[in-house]
Amino acid sequence: MSMNKHDIQHKQAFDEPLWWGLFSAGGVCFAVLLPAVILFIAVLLPLGLLPAEALSYERASSLLFSVPGFLFVGAAVCLPLFHAAHRLRHGMFDISVGNDALNKKLMYGGAALLSALALGLVVAGFFS
Amino acid sequence: MNKSTSQRLPPLKRNWWLKHRFFKLYMLREATVLPLVFFILCFLAGMVALLQGAESWQGWIAFMGSPIVLLLNLLALAASLFHAATFFVLFPRVMPLRIAGHSLPDKAIVAGQWAGVVAVALLFFWLLGRGGV
């Protein structure tokens, strides 16, 4: 087998371990963190079932716009975004929607963009 | 898997996965990320609102309480638990744990991960369940 052919065969796959790694890390966060995050922030909070001061404007700001808040956003937003991007890309391939090379750029690009936005918001809040 | 290999196989119809329960469950699991993405977009909107000020923050909480948003987020909660149920059983297969020469039973590893889910929920209860500190 010529070197060139070997190169072509593996050219597409060199970045795949990164996506699978992010998928896996995001999967752990989605499974372990997100049930509690969704329950408290998206169900109990809007239903008024949390104590009034638990997520008041002042308390929510001080919790989120902090170093632990930055790490929390990384684990509860950024990694799950890459997990979702990976599943969406493979799901679209499975039902023959679009073209994988483009889907790949759109999905991982979108996840990266939203991740940068989320972390940027924490930093902006921290310094404001 | 190298996606270009598919060109050498006869193309599958789009509904191939509807023909077997196993593949339907596989697709359902793939679909768990749709409500997840919805929740994350809501969360991002909440961060923007929090940055804007107290009034926007209250407005965002009201938005989260509207019936359709609440329903979709309840779906996201269910999806996260379904995803967890399918994800936790993979761990002992991918990385079997051995302690002092004895392999840890699969059930113990799965139970340990559910204990993690409960621990995170308790942490949230400690942080948010008791009012302002």
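The model is a predicted one, in which local features need pLDDT of at least 70 and side-chain atom pairs count only at pLDDT 80 or more, while totals for chains, interfaces and linings use all residues. Residues are numbered from 1 along each chain as its sequence is written, chains are lettered from A and ligands numbered from 1 in the order in which they are written, and side-chain values use heavy atoms, with hydrogens and water left out.

What does Asp100(A) pair with? Asp100(A) forms a salt bridge with Arg89(A), and the closest N and O atoms are 3.1 Å apart. This pair links distant parts of the chain, with Arg89(A) in helix H5 of chain A and Asp100(A) in helix H6 of chain A, eleven residues apart. A salt bridge here needs a side-chain nitrogen of Lys or Arg within 4 Å of a carboxyl oxygen of Asp or Glu. Helices are DSSP runs (H or I, at least four residues), as are strands (E, at least two), and they are numbered from the N terminus. Arg89(A) has a relative accessible area of 2%, so Arg89(A) is buried as well.

Stay with Arg89(A) for a moment. Its side chain also meets that of Glu16(A) in a salt bridge (3.3 Å, N to O). The two belong to distant parts of the chain, 73 residues apart: Arg89(A) is in helix H5 of chain A, and Glu16(A) is in helix H2 (residues 16–32) of chain A. Both partners are buried. Glu16(A) in turn forms a salt bridge with Lys104(A), at 3.6 Å from N to O. Because Glu16(A) lies in helix H2 of chain A and Lys104(A) in helix H6 of chain A, this pair ties together parts that are 88 residues apart in sequence. Glu16(A) and Lys104(A) are both buried. Put together, a network of salt bridges links Asp15(A), Glu16(A), Arg89(A), Asp100(A) and Lys104(A). Over all chains, the count of salt bridges is five.

Now turn to the partner chain. How many residues of chain A are in contact with chain B? The contact, which means heavy atoms within 4.5 Å, involves 60 residues of chain A and 58 residues of chain B. The area buried between the two chains is about 5,200 Å², and carbon and sulfur atoms give 78% of that. Buried area is the accessible area (1.4 Å probe) that two parts lose on being put together, summed over both. On the chain A side, Phe30(A), Tyr57(A) and Arg87(A) lose the most area to chain B, together 14% of what that side buries. Arg87(A) also meets Glu30(B) through their side chains in a salt bridge (3.3 Å, N to O), and the count between chain A and chain B is one salt bridge.

Helix H4 (residues 57–64) of chain A shows how both chains provide cover. Its buried residues are Arg59(A), Ala60(A), Ser61(A) and Leu64(A). The elements covering them include helix H5 (67–94) and helix H6 (100–127) of chain A, together with helix H2 (33–52), helix H3 (54–64) and helix H6 (106–128) of chain B.

The relative accessible area of Ala76(A) is 2%, so Ala76(A) is buried. Leaving aside neighbours within four places in sequence, Ala76(A) is in contact with Leu33(A), Leu34(A), Val37(A) and Ile40(B). Leu71(A) also lies in helix H5 of chain A, but with 58% relative accessibility Leu71(A) counts as exposed.

Finally, look at the cysteines. There are zero disulfides over all chains, where a disulfide is a pair of cysteine sulfur atoms within 2.5 Å. For Cys78(A), which is in no disulfide, the nearest cysteine sulfur is that of Cys29(A), 9.9 Å away. Cys78(A) is buried, with a relative accessible area of 9%. Cys42(B) is in no disulfide either, and the nearest cysteine sulfur, that of Cys78(A), is 17 Å away. Cys42(B) counts as buried at 4% relative accessibility.

How values were computed: Buried means under 20% relative accessible area, exposed over 50%, partly exposed in between (1.4 Å probe, protein chains only).
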